[in-house]
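Subject: Structure handover

Hello,

The structure is below, with notes on what was found in it. Please read the notes alongside the coordinates.

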Amino acid sequence: MSFDYYSFTGRNLGFIDEREQQLLRQARVFVCGVGGMGGAAFMALARAGVGKFVIADIDRFEVSNLNRQVFAFADEVGREKAEVAAEAARRINPTIEIDVLGESWTSELRGIAERCPIIVNGMDDIAAGVHLYRTARDAAATVIDAYMSPLPSVIVVRPDDPRPEERLNYPTRNKDWRDINEEDRRAAMLAEIEHVMLHSSSRNYVDLEIAGEVAAGRRSRMSFAPMVISTGMLMAYEAIALIIGRKSGTDCRGWFLNPHRPAIEKPRNALVAALMRPLVRRAIAELTSGK
């Protein structure tokens, strides 16, 4: 089969125009973590015609990934996620340019962020995430991310925005990312959970006993294909908007998509959040205590 980029992307026209399609073709995006939501975003962007990527992942596919990760298949278990994702993207678009990185990505991050003005954060390592956000600010890159929530969500952190560690008051502030310890990670995770419970109805759509075990570190994180893949699609929309210069209403606080009602849930005002915070903290303490 002869491949033609214009035939490949022709049915995009109408959603975007020819000039915007060329902007997508010339764009370079860094996707850090191509398993769950990062993998879904990468797939959508590749199919939309984004022409250049840097992707990174340090993990290999496991059986537990098969429930939600778009590049995970039973015959790929044991293989490196980044290599499998790159192979799949090249099967979609043979002209695509992809630099594939493993564990070395953290040492190469400054150069990556300078080359890639848009970064999709698809990993869940808090220390590496702190490094990613700090480096992105220094390189004037924008990071697209999501909350640890049972509802799909999306965040866009532009270069002048506060970092999540600043906005959510992580104990990692003013600390070298390589010195972040397990206690810091747990405190940062609980701060994010507090934000999710304060500003969304997430608690209504998850088993709270299991959620408490996750928050306490006694159980692996829950993940469900509709939530994970929907989150990746929201991230892809934001990346496309940034590439083609369209305005987006998403900011560094983000929002939640509630498909159960359905509704969009945006952050509460500061007064309401302040009144609710003690109740939320008490609920989190009860959940994580195991009582």
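Two strands count as paired if DSSP finds at least two bridges between them. Helices (H or I, at least four residues) and strands (E, at least two) are DSSP runs, numbered from the N terminus.

This is a predicted model, in which local features need pLDDT of at least 70 and side-chain atom pairs count only at pLDDT 80 or more, while totals for chains, interfaces and linings use all residues. Residues are numbered from 1 along each chain as its sequence is written, and side-chain values use heavy atoms, with hydrogens and water left out.

Strands

Strand 6 (residues 153-157) and strand 7 run antiparallel and are joined by two bridges; V154 has W255 of strand 7 as its bridge partner. Strand 7 also pairs with strand 8, again antiparallel, over three bridges. F256 is partnered there by E265 of strand 8, and a hairpin of four residues connects strand 7 to strand 8.

Helix 8

Helix 8 (residues 182-199) has 18 residues and reaches 26 Å between its first and last C-alpha, close to the expected 26 Å (1.5 Å times one less than the number of residues). At its start, a side-chain oxygen of N181 comes within 3.1 Å of the backbone nitrogen of E183, a polar contact being a pair of N or O atoms within 3.5 Å, where within protein one must be able to donate a hydrogen and the other to accept it, and residues adjacent in sequence count only if both atoms are side-chain atoms. The buried residues of helix 8 include D184, A188, M189 and H199 (buried is under 20% relative accessible area, exposed over 50%, partly exposed in between, with a 1.4 Å probe and protein chains only). They pack against elements including helix 6 (126-138), strand 7 (255-258) and strand 8 (263-265).

Helix 6

The end C-alpha atoms of helix 6 are 19 Å apart, which agrees with the 18 Å that its 13 residues should span at 1.5 Å a residue. D125 caps the N-terminal end, with a side-chain oxygen 3.1 Å from the backbone nitrogen of A127. Just after helix 6, A140 has a positive phi of about 60 degrees.

D161

Which side chain of opposite charge is nearest to D161? R158 is, at 4.6 Å, and the buried D161 has no salt bridge (a side-chain nitrogen of Lys or Arg within 4 Å of a carboxyl oxygen of Asp or Glu). Lys and Arg count as positive and Asp and Glu as negative; His and the chain ends are not counted. The backbone nitrogen of R158 does lie 2.7 Å from a polar atom of the D161 side chain.

Regards

Methods: Contact means heavy atoms within 4.5 Å.
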